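Have a look at the structure first.

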Amino acid sequence: MQTFLEFEKPIAELEGKIEELRHLTNAGDINIADEVTKLQTKVDKLLRQTYAKLTPAQKVQVARHPNRPHCLDYVKGLIDDFTPLAGDRGFAEDRAVIGGLGRFRGRSVVVIGQEKGHDTETRVRHNFGMAKPEGYRKAQRLMDLADRFTLPVVSLVDTAGAFPGVQAEERGQAEAIAKSIERCLRLSVPMVAAVIGEGGSGGAIAIATADRVLMLEHAIYSVISPEGCASILWRNPDMAGEAAVALRLISHDLKELGVIDRVVSEPIGGAHRDPAETIKALGDAIEESLGDLDGLDGAAIRAQRRQKFLDMGQKGLG
């Protein structure tokens, strides 16, 4: 069942009328099929107009849409013969982080991603995509594996942030994230990261310090959530809309700043309206990015990646 966001109410009303008409039969001079076609044309036009002028706060809502495709949807749609690998070999398995081996369009790869879940049961199982230290140590183990067998790494970023619980802090959350970022920088194989929903804080950067960082058009990527920023700066979470603007967390702003390398367009109305088309578009972008890195040796790949992120600090953004 389609979930409509607050700003999509006019669209919801039109689509509701379409559903009502589809349950009717032709009566008198009214041709139901013609009426449905006219209304659908209005819906398509309204979707284009609405999504062409989304505010950053509305983009945040779209990035968090419950029907948006998640990590496992991309794995299913893009990775053949996927073999999941579990555990960090130190403490436990973290289901917030999905990882394993598979074939991406004929190329063997290591896949690392964050899975939020689609319903109550799966969201609880995957801890809403918020990884604990063992999740990031699992990611490091998978990167070690990729290096050992010279396999490219594809990471799918979708998390509100690392898990903030006491147990995670006791087990070294900050150290695990820092080590994961360091491991990304030391990789001697190509790494392509894609922000598919929310890219929240260090929890996202831990698996997104890559040669190429892609981002879906309506995804967000930020050091902190708008609500968290508003609570800290203004002590008022109702200022989240203003915080979203100030954070410049939308894809086109981040491309302009040089934080990401490419914006991948979504279907009209967002990824949740056509997951299959979105998954294919992202797959094409990942394939192209991996192709750009073909032919480079390990030392050159590592040097380019490190310089890319050093430049952000030395030269500034934008």
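## Nonpolar cores

The largest nonpolar core takes in 57 residues, and Ile112, Leu156, Tyr221 and Leu282 have the most contacts inside it. A core here is a set of buried Ala, Val, Leu, Ile, Met, Phe, Trp, Tyr and Cys residues joined through side-chain atoms within 4.5 Å, with buried meaning under 20% relative accessible area (1.4 Å probe, protein chains only). Apart from it sits another core of 14 residues, including Leu14, Ile32, Val36 and Val62.

This is a predicted model, so local features need pLDDT of at least 70 and side-chain atom pairs count only at pLDDT 80 or more, while totals for chains, interfaces and linings use all residues. Residues are numbered from 1 along each chain as its sequence is written, and side-chain values use heavy atoms, leaving out hydrogens and water.

Eight residues of domain 1 are in contact (heavy atoms within 4.5 Å) with eight residues of domain 2.

Between them, domain 1 and domain 2 bury about 660 Å², with carbon and sulfur atoms giving 59% of that; buried area is the accessible area (1.4 Å probe) that two parts lose on being put together, summed over both. On the domain 1 side, Phe7, Leu47 and Tyr51 lose the most area to domain 2, together 63% of what that side buries.

Key
Buried means under 20% relative accessible area, exposed over 50%, partly exposed in between (1.4 Å probe, protein chains only).
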